[in-house]
Amino acid sequence: MDSWEATVEARIRAAQEQGEFDNLPGMGKPIPGRGQPYDESWWIKSFLEREKLPTDLLLPTPLQLRRRIEQVPDEVRDLPTEASVRAFVADLNAQILAWLRTPTGPRVAVRPVDADEVVRRWRAGRETAAATAPAPPVAPAAPRRRGWRPPWRRRVAR
């Protein structure tokens, strides 16, 4: 075992002398997480941070559904038609009903969303946005070309 360790140390020393450890990325920066208590789920947190995924994915299903219900007004605000709003609510309600049939995770009260109420609020939001939006600018009319005639039809001034 000693000869193996000596070989490794010799290779490290040779690499240092050749400058292979110079200008490595992260050189001079502190090691992330050093001085903090050990966290068993460090790899999950680093994966979510690196991939820029929302932390909502770690929540149990009923809490994810509650969060989606809270975000319904923001998510349907930019939908173009009432049919698309109703389709969005129907999809969310299908997910809620699937969870209610076979609940897993903590017991959290989750109720289906009232599509008519969401559509009513969507319409009200559209009306207020239309009322406060400035009128679109009117393009000026193109100037009329007066008196243009083909050269063979032009009147000769006398």
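## Residues with positive phi

Asn23 is exposed, its relative accessible area being 70%; buried denotes under 20% relative accessible area, exposed over 50% and partly exposed the range in between, computed with a 1.4 Å probe on protein chains only. The model is a predicted one, in which local features require pLDDT of at least 70 and side-chain atom pairs count only at pLDDT 80 or more, whereas totals for chains, interfaces and linings use all residues. Numbering starts from 1 along each chain as its sequence is written, and side-chain values use heavy atoms, with hydrogens and water left out.

Although Asn23 is not a glycine, its phi is positive, at about 60 degrees. Asn23 belongs to the loop between helix 1 (2-18) and helix 2 (42-51). Lys52 also has a positive phi, near 55 degrees, and is a residue other than glycine. The loop between helix 2 and helix 3 holds Lys52, which counts as exposed at 74% relative accessibility.

## Overall architecture

The chain contains six helices and zero strands, giving the pattern α-α-α-α-α-α when read along the sequence. Helices (H or I, at least four residues) and strands (E, at least two) are DSSP runs numbered from the N terminus.

Of the 158 residues in the chain, 12% count as buried. Among contacts with a separation of 6 or more, 54% involve residues 24 or more positions apart; contact means heavy atoms within 4.5 Å.

## Packing of helix 3 against helix 5

Helix 3 (residues 61-70) packs on helix 5 (residues 82-101) at an angle of about 160 degrees, and their axes are 11 Å apart. Axes are lines fitted to C-alpha atoms, for helices over the stretch in contact, and angles run from 0 to 180 degrees between N-to-C directions. Helix 3 and helix 5 are therefore roughly antiparallel; angles under 35 degrees count as roughly parallel, over 145 as roughly antiparallel, 65 to 115 as roughly perpendicular and the rest as oblique.

The crossing of these two helices is left-handed, meaning that the near helix is turned anticlockwise from the far one by less than a right angle, with clockwise giving right-handed. Helix 3 contributes Thr61, Pro62, Leu65, Arg68 and Ile69 to the contact, and helix 5 contributes Phe88, Leu92, Gln95, Ile96 and Trp99. These residues comprise seven nonpolar, two polar and one charged. Ala, Val, Leu, Ile, Met, Phe, Trp, Tyr, Cys and Pro count as nonpolar, Asp, Glu, Lys and Arg as charged, and the others, Gly among them, as polar.

## Packing of helix 5 against helix 6

Helix 5 meets helix 6 (residues 115-132) at an angle of about 140 degrees, with axes 10 Å apart. Helix 5 is thus oblique to helix 6, and their crossing is right-handed.

On helix 5 the contact is made by Glu82, Val85, Arg86 and Val89, and on helix 6 by Ala115, Asp116, Val118, Val119, Trp122 and Arg123. The residues of this contact divide into six nonpolar, no polar and four charged.

Asn93 is located in helix 5 and is buried, at a relative accessible area of 14%. Apart from neighbours within four places in sequence, Asn93 is in contact with Pro112 and Val113.

Asn93 and Val113 are 20 residues apart along the chain, and their C-alpha atoms are separated by 6.3 Å. A polar atom of the Asn93 side chain lies 2.6 Å from the backbone nitrogen of Val113.

Note on methods: A polar contact is a pair of N or O atoms within 3.5 Å; within protein, one must be able to donate a hydrogen and the other to accept it, and residues adjacent in sequence count only if both atoms are side-chain atoms.
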